[in-house]
Amino acid sequence: MNTQAPLLDVNGIEVIYNHVILVLKGVSLQVAEGQVVALLGGNGAGKTTTLRAVSNLLEGERGAVTKGSIELRGERIEKLSTADMVARGVVQVMEGRHCFAHLTIEENLLTGAYTRKDGKAAVHDTLDKVYTYFPRLKARRGSQAAYTSGGEQQMCAIGRALMANPKMVLLDEPSMGLAPQIVEEVFEIVRDLNTKERTTFLLAEQNTNMALRYADYGYILENGRVVMDGAAAELRENEDVKEFYLGVGGEGRRSFKDVKSYKRRKRWLA
Amino acid sequence: MGPFLETLIGGLMAGMLYSLIALGFVLIFKASGVFNFAQGAMVLFAALAMARFSEWIPQWTGLSSKLLVNVLAFAVALALMVVLAWLVQKLVLSRLVNQEGITLLMATLGITYFLDGFGQTLFGSAIYKIDVGMPKDPLFLLEQTFPGGILVGQEDLIATVIAALLVGVLSLFFQYTGTGRALRAVADDHQAAQSIGIPLSRIWVIVWSVAGFVALVAGIIWGSKLGVQFSLSLVALKALPVVILGGLTSVPGAIVGGLLIGVGEKLSEAYLGPMLGGGIEIWFAYVLALVFLLVRPQGLFGEKIIDRV
Amino acid sequence: MLYRENGQFKTSYAADSQIFAIRQDRVAIALLLAVAVVGVPLLADEYLLRAILIPFLILALAAIGLNILVGYCGQISLGTGAFMAVGAYAAYNFFARVEGMPLILALLLGGLSSTVVGVFFGIPSLRIKGLYLAVATLAAQFFTDWAFLRIKWFTLDSASGSVSVSNLAVLGLPIDSPLQKYLFCLAFVVVFALIAKNLVRGHIGRSWMAMRDMDVAAAVIGIRPVSAKLSAFAVSSFIVGVAGGLWGFVYLGSWEPAAFSIDRSFQLLFMVIIGGLGSIMGAFFGAAFMVVLPIALAQLLPWLGGLVGLQVDTAMVSHFEYMIFGALIVFFLIVEPHGLAKLWSTGKEKLRLWPFPH
Amino acid sequence: MKAIGDVVLDVKNISLAFGGVKALTDISFDVREHEVRAIIGPNGAGKSSMLNCINGVYQPQQGQITLHGKTFKGMSPRQVAEMGVARTFQNLALFKGMSVLDNIMTGRNLRMKRGLFWQALHLGPARREESEQRAVVERIIDFLEIQAHRKTPVGRLPYGLQKRVDLGRALAMEPSLLLLDEPMAGMNVEEKQDMCRFILDVNDEFGTTIVLIEHDMGVVMDISDRVVVLDYGKKIGDGVPDDVRRNEDVIKAYLGAGH
Amino acid sequence: QAKEQFFPVLVYRTGAYGPNGTPWANGYVDYLKLVNAQGGMNGVKISFEECEFGYATDRGVECYERLKGKNGGATVFQPLSTGVTFALTEKAPADKIPLITAGYGRSESADGGVFKWNFPLIGTYWMGADVLIQHIGKKEGGLDKLKGKKITLVYHDSPYGKEPIPMLTERAKTHGFELATIPVTHPGVEQKSAWLQIRQTRPDYVLLWGWGVMNTTSLKEAQATGYPRDKMYGIWWAGAEPDVKDVADGAKGYSALTMQHGVHPDSKVAKDILQLVHGKGQGTGPKDEVGQVLYMRGLISAMLGVEGVKRAQERFGKGKVMSGEQVRWGLENLALDQKKLDALGLAGVMRPVSTSCVDHMGSAWARVQTWDGAKWNFTSDWYQADEQIIRPLVKAAADKYAGEKKLERRTPADCQS
Ligand SMILES: Nc1ncnc2c1ncn2[C@@H]1O[C@H](COP(=O)(O)OP(=O)(O)OP(=O)(O)O)[C@@H](O)[C@H]1O
Ligand SMILES: Nc1ncnc2c1ncn2[C@@H]1O[C@H](COP(=O)(O)OP(=O)(O)OP(=O)(O)O)[C@@H](O)[C@H]1O
Ligand SMILES: CC(C)C[C@H](N)C(=O)O
Ligand SMILES: [Mg+2]
Ligand SMILES: [Mg+2]
């Protein structure tokens with residue numbers, strides 16, 4: 001798969017927050033055009049940080065890429081602004097929803113199309129598309145985002161990003177807080193866009209099971225380093241991945257009820 | 001009845017003048033969530049520029065048409081305000097993306113100090129004059145009905161019309177254009193706005209320029225009323241209760257708030273003041289605002305303060 | 001490596017919750033206190049004491065008080081000047097009307113009066129939030145400005161509206177020379193800083209901070225908004241009131257309401273923000289920044305002008321002072337939006353890692 | 001098998017509407033002592049609103065809630081807290097500016113009685129009290145395995161750990177009834193397992209009754225004793241997990257075919 | 001290196017009062033430069049340093065602290081603010097530095113028996129108020145005609161603005177006119193209600209006790225509400241160019257008291273300054289300012305300080321640097337007769353001044369000037385304030401002060417020293 005030049009090439013980046021907190025310690029990853037790549041890893045592994053580095057949202061968090069390089073279609077992008085990235089078709093769905101609280105759901109969605117130049121009609125087509133993806137949003141279109149439920153906000157955030165008609169979407173924990181049915185739908189949407197419109201996805205996800213089912217390739221991040229990568233199918237078969245990320249031991253899925261019976265063991269890397 | 005009407009009208013018009021300044025606050029707050037402390041300094045700066053250029057331009061070019069000179073000075077001053085907006089964005093705001101409101105407020109305070117010093121270094125600190133031909137003498141209405149007629153300041157009348165116009169245009173802009181929507185989005189969440197490609201820098205230059213324009217208009221009106229000198233920056237204080245009463249995010253609120261405060265303080269001063277020893281209008285304005293807030297904590301037209309878990 | 005806590009183990013929770021849990025900090029603060037109590041009196045000249053250190057101490061005290069309200073409890077106040085004024089005028093009335101009233105008692109009573117007023121103007125905070133609340137405190141500001149100007153009773157009918165105190169003494173010791181005044185203020189500041197620190201690290205302080213950070217969640221874990229907010233107003237205005245008394249009695253000696261005008265309120269708010277919201281130490285940093293910097297600039301600029309052979313007149317100096325001061329505020333905020341105290345602690349974190357960056 | 005006791009929380013005919021939006025319509029269910037009671041349902045079904053009604057953040061327009069035998073229609077959050085109810089939040093409602101330790105200590109606030117005076121001096125009783133409560137909190141910190149982050153401001157923690165702190169704060173109240181709103185959102189399997197362990201431990205060791213909202217069916221089905229299903233503000237199912245899983249309405253409205 | 005006599009200069013060239021503070025400061029400094037250019041005070045050169053305080057009392061006190069010990073110690077302070085004067089009245093005696101408050105400050109401090117270190121030379125507000133009433137009385141055709149008249153005082157709400165009230169109240173009682181007072185809050189840009197009130201009560205005269213932008217605003221509001229400007233009389237701080245220039249025709253007919261002097265670009269001293277100071281490129285402000293009202297006031301204030309030093313030198317040694325205590329003696333024994341004034345180039349500008357232990361004011365004369373839309377012209381004869389009325393007021397207030405501060409009145413012996 002590494003034959004064609006990657007769309008996104010992250011090369012050994014280091015990220016430091018607040019001048020002192022070193023979070024990414026040399027992360028490299030590639031995403032080819034039209035691929036769905038999953039970024040996996042536990043809490044605090046650095047998934048969000050990686051995505052922020054790509055979309056250049058670090059500044060507002062007082063973080064900075066201090067080493068390494070990020071290239072999009074061969075162009076160095078560390079110096080660009082987030083708006084420039086969106087103009088190049090790369091949109092991030094931020095973790096934790098971040099809807100515009102005082103705007104209605106529909107206004108939220110429409111702001112997503114801020115960068116589009118292809119006219120009102122096209123924007124409205126996309127809006128309709130988003131509403132068909134998420135009928136719940138249509139029902140709540142007139143409510144201020146702050147007064148919608150957590151899941152509705154999550155849908156709104158995803159829908160808002162889609163409104164930009166992106167070439168590449170950075171999805172940060174899309175499934176969080178969504179009902180199982182909707183999770184499924186979200187991933188179907190990912191697949192749909194990926195196959196029909198060749199949209200590329202880089203998704204950070206805790207729901208490893210889902211992510212690996214829909215992704216082509218996966219990276220596992222621990223403690224700010226990539227500890228494992230491979231085709232999604234391969235990863236799914238890996239024993240460690242099964243054990244720690246899919247929750248299936250040698251003898252099949254273990255009930256959450258039984259977790260008490262064994263003491264959590266140390267991870268395979270320190 | 002005559003005196004009452006007079007006070008009422010005086011209050012209404014004073015209120016409009018406050019609104020003009022309040023408008024600047026509202027614009028920037030609404031569009032970036034920043035409480036722009038520097039609005040007063042911007043008014044002074046703009047007025048100074050206007051006053052000095054209308055003095056210098058004839059000296060440099062030998063122009064004598066007052067109208068032409070004023071138009072030119074206005075253009076130069078406006079250009080200056082746009083440059084200022086760009087600098088503020090470049091040097092200050094863009095480096096404080098996603099910081100809390102209070103930090104940004106503090107930054108605008110820094111801008112205030114800077115502008116106060118810079119404006120006076122550049123333009124001097126004596127009293128200057130803006131003469132855009134505003135009529136100064138009073139107008140007496142209904143002289144038949146009331147002894148002595150009802151006094152109306154012509155200058156105030158003109159200011160009122162201008163303020164009303166500005167407000168009308170700006171409210172439409174915010175409510176109905178895509179840029180208006182983007183501005184409101186930025187105010188809600190800088191980072192999320194960035195994430196969907198709203199270029200904060202451009203947005204900020206736009207709002208600060210518009211606020212600069214409003215400051216210039218306010219500066220000209222107030223400046224031709226009071227003379228252009230340092231105290232002009234202090235009239236911003238008068239606009240505070242207005243903005244808060246009207247709602248920090250509401251353009252029409254700035255007007256209604258202005259009218260209420262204007263009328264409230266003038267009437268209180270006229271009818272309560274003598275009993276209490278005078279000078280009560282300042283605190284009365286705040287108390288009035290406070291009373292309204294107790295009923296509507298977000299101001300008359302402000303967006304509801306959202307806290308949800 | 002210089003600044004390491006490795007090897008310093010705490011054996012009790014009490015030890016862990018000390019104000020300065022790290023040995024280096026304790027040493028530093030002890031040194032600082034020693035300098036303040038012994039060094040300064042030996043070295044400082046009258047000017048330094050009167051024009052810089054005394055106002056610095058008093059304003060730092062007021063900033064501590066304000067920080068409790070704004071920084072810890074999250075209630076923006078633009079009425080600090082008012083509460084200082086109440087403290088000063090009340091103390092003045094107690095002092096002048098009651099024969100033989102001890103100075104310290106008068107100041108504390110001034111603080112108490114300020115508490116009453118503070119709580120009264122704090123009541124709207126139960127309903128009004130954020131910048132909107134500023135209106136309530138501004139009302140306090142303008143109302144007291146007016147009241148002390150206009151209600152003759154407060155100023156013992158002084159025709160000019162200006163009041164003055166003299167012959168200050170504590171237990172027979174005169175508080176007269178700059179040095180005595182300095183030590184007097186220092187004592188107040190140390191005691192109140194300690195009290196404030198104790199409050200904010202206990203459960204009361206936590207309830208303030210909880211109110212500030214997320215009031216709904218605070219209510220859900222059983223914190224009463226009424227008592228949390230009003231106690232913050234009370235404590236804050238008490239300290240601010242005492243500072244006001246000191247400002248009037250010790251620093252100015254004779255004052256008029258303008259000494260506690262809205263400018264003072266803003267100045268204090270800025271101190272608190274630039275120093276660091278929610279940090280007692282920040283109050284000191286902020287006060288130092290706002291008091292010392294303008295004076296330093298006023299001294300420095302003509303000298304600098306002289307170096308390059310420029311004759312700078314005062315107006316110019318004053319304008320440049322404003323510009324530089326403004327630019328520095330922005331600069332420091334960009335470096336660290338959370339104030340000087342945060343900058344300080346980041347600096348310490350860096351030191352801890354030094355010489356290996358990570 | 002653990003012993004499920006009497007009804008501790010009885011929700012009767014609750015209705016709640018925001019303007020035109022009917023968040024809850026005539027909901028009734030009960031929670032028994034010592035059980036793990038799950039509430040599930042599609043997004044916007046009214047689950048969080050239900051919790052908000054129980055602990056006094058929202059006042060329902062209709063219906064009543066009986067808690068420990070006391071019936072109320074409108075109680076302040078504080079009163080509910082005093083009756084031993086704690087909760088966590090779906091959208092993290094931590095005190096961002098405070099450290100992990102302080103956040104959890106706030107959970108002990110109800111139990112700290114020393115007033116301003118002693119606090120100000122930080123001597124004797126106040127100090128003793130502080131140390132005692134600190135000990136309790138330290139046990140919770142150990143229990144949740146967040147010792148390393150004790151002094152970190154919570155805002156800096158990764159999402160998953162913040163959820164843990166949120167739980168810690170609720171636990172610090174030593175509640176008899178614990179309401180959890182999606183405690184495992186944004187966690188991977190391993191972390192969910194940890195979280196389940198915490199929940200079950202609390203449930204077992206302290207006998208805390210738990211109401212749990214969660215979208216991970218694996219978790220819900222495994223650890224809950226009984227499940228309520230809401231949809232568009234209405235109750236569409238109630239029973240033991242296996243029954244609910246087979247309920248047609250529930251499958252249609254919520255689970256989807258895959259389960 | 002010859003020793004220098006140090007003159008601290010408290011000024012405000014910025015802020016709301018900057019436009020008025022600046023010409024005063026320029027006059028003050030230019031005069032000091034002139035003295036140096038003419039060889040100093042019996043050979044002693046003057047050194048000076050400005051400190052900007054923005055007319056804020058606390059910053060003024062800060063300036064005082066900063067400068068009082070500098071360059072061998074301050075000779076005399078002239079804070080140009082009544083508020084600062086109040087604050088310094090307590091401090092100056094301890095530091096043994098005299099305060100000159102020419103035309104401002106505490107009126108009762110004219111009583112040198114209590115206020116040993118204060119010198120409100122050639123004018124206090126009580127004296128000013130007294131003269132204004134005399135002038136109005138004269139216009140009406142006699143003080144007895146004031147009965148039943150309405151006079152309204154519009155004042156800057158600060159110790160400054162309140163100063164005249166006791167005097168006016170006293171006069172109102174004596175002559176039976178009705179006094180109303182309307183305070184204006186700092187900085188004074190908000191006067192609409194004040195003037196609507198005036199429009200309603202229609203007073204016969206309005207007295208203006210303003211400073212800075214407040215004066216301009218008052219005149220503009222008077223214009224906007226149609227109050228006749230020729231019924232308005234200002235104190236001497238409300239009668240300078242910056243106050244009326246911007247109003248121009250709108251202020252036509254407005255009168256203000258002069259502190260003896262008016263506009264004197266043709267006086268000898270002004271010419272000297274243009275030649276010896278400005279001529280050398282050392283002028284402090286613009287050339288055309290020399291001779292304007294506030295410029296002259298600053299100049300005269302500086303002159304009074306310098307003459308105090310010179311007088312002290314006569315007793316303690318010519319050519320020596322004087323201490324604060326010595327200068328205090330000099331100020332208390334000023335004897336500026338017409339001859340001396342002529343020599344100083346002040347002929348036609350002011351009248352002789354002579355002070356004593358009991359009288360720290362030294363002269364109680366004033367005139368009235370009127371703005372004709374383009375310049376100020378004298379429009380009255382000289383008035384002398386009525387000793388009969390002022391003296392008891394001053395004494396009573398000074399005694400009250402002494403009582404509060406537990407001060408003893410100075411003994412005749414002390415007066416001699
Ligand atoms: N703004 C910030 N300031 C300081 N540290 C931060 C900041 N944001 C994240 N971190 C730290 O960076 C590390 C990685 O965080 P990140 O949010 O990238 O993890 P994550 O993999 O997305 O975790 P999660 O699955 O919980 O979202 C964490 O240890 C966190 O404490
Ligand atoms: N304060 C409020 N104002 C207006 N509408 C509200 C408010 N709170 C909740 N709602 C509405 O009530 C409905 C139920 O919301 P709730 O948050 O209870 O859903 P939920 O079941 O928790 O969903 P999710 O699984 O997405 O968190 C939603 O449609 C929401 O928009
Ligand atoms: C001193 C003068 C310039 C007038 C000033 N307003 C005062 O305080 O008296
Ligand atoms: Mg993350
Ligand atoms: Mg929910």
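**Figure 1. Ligand 1 and its shell.** The largest contribution to the shell around ligand 1 is that of α1(A), with four residues (helices, H or I of at least four residues, and strands, E of at least two, are DSSP runs numbered from the N terminus). This is a predicted model, in which local features need pLDDT of at least 70 and side-chain atom pairs count only at pLDDT 80 or more, while totals for chains, interfaces and linings use all residues. Residues are numbered from 1 along each chain as its sequence is written, chains are lettered from A and ligands numbered from 1 in the order in which they are written, and side-chain values use heavy atoms, with hydrogens and water left out. Ligand 1 is surrounded by 21 residues, the closest being T48(A), T49(A), E95(A), Q206(A) and R156(D) (a residue is near a molecule or strand if one of its heavy atoms lies within 4 Å of it). The site is shared between chains because the residues around ligand 1 come from chains A and D. At least two shell residues each come from β2 (21–31) and α1 (47–55) of chain A and from α6 (159–172) of chain D. By class, the shell has seven nonpolar, eight polar and six charged residues (Ala, Val, Leu, Ile, Met, Phe, Trp, Tyr, Cys and Pro count as nonpolar, Asp, Glu, Lys and Arg as charged, and the others, Gly among them, as polar).

Figure 2. On its own ligand 1 exposes 630 Å², and the protein buries 88% of that (Shrake-Rupley method, 1.4 Å probe; for residues, only the protein chains shown count as cover).

**Figure 3. Ligand 3 in chain E.** The residues around ligand 3 are Y12(E), Y55(E), L80(E), S81(E), T82(E), Y104(E), Y125(E), Y160(E), W211(E) and W237(E). Eight of the shell residues are nonpolar, two are polar and none is charged. The side chain of Y55(E) places an N or O atom 2.7 Å from a nitrogen atom of ligand 3. Oxygen atoms of the ligand lie 2.5 Å from a side-chain N or O atom of T82(E) and 2.6 Å from a polar side-chain atom of Y125(E).

**Figure 4. Interface of chains B and C.** Chain B contributes 52 residues to the contact and chain C 40 residues (heavy atoms within 4.5 Å). About 4100 Å² is buried between them, 81% of it on carbon and sulfur atoms (the accessible area, 1.4 Å probe, that two parts lose on being put together, summed over both). M106(B), Y113(B) and W283(B) lose the most area on the chain B side, together 16% of what that side buries. There are zero salt bridges (a side-chain nitrogen of Lys or Arg within 4 Å of a carboxyl oxygen of Asp or Glu) and 10 residue pairs in polar contact, both at pLDDT 80 or more. The largest share of the chain B side, 15 residues, belongs to α4(B). That side has 33 nonpolar, 15 polar and four charged residues.

Conventions
Polar contact = N/O pair within 3.5 Å; in protein donor to acceptor, adjacent residues only side chain to side chain.
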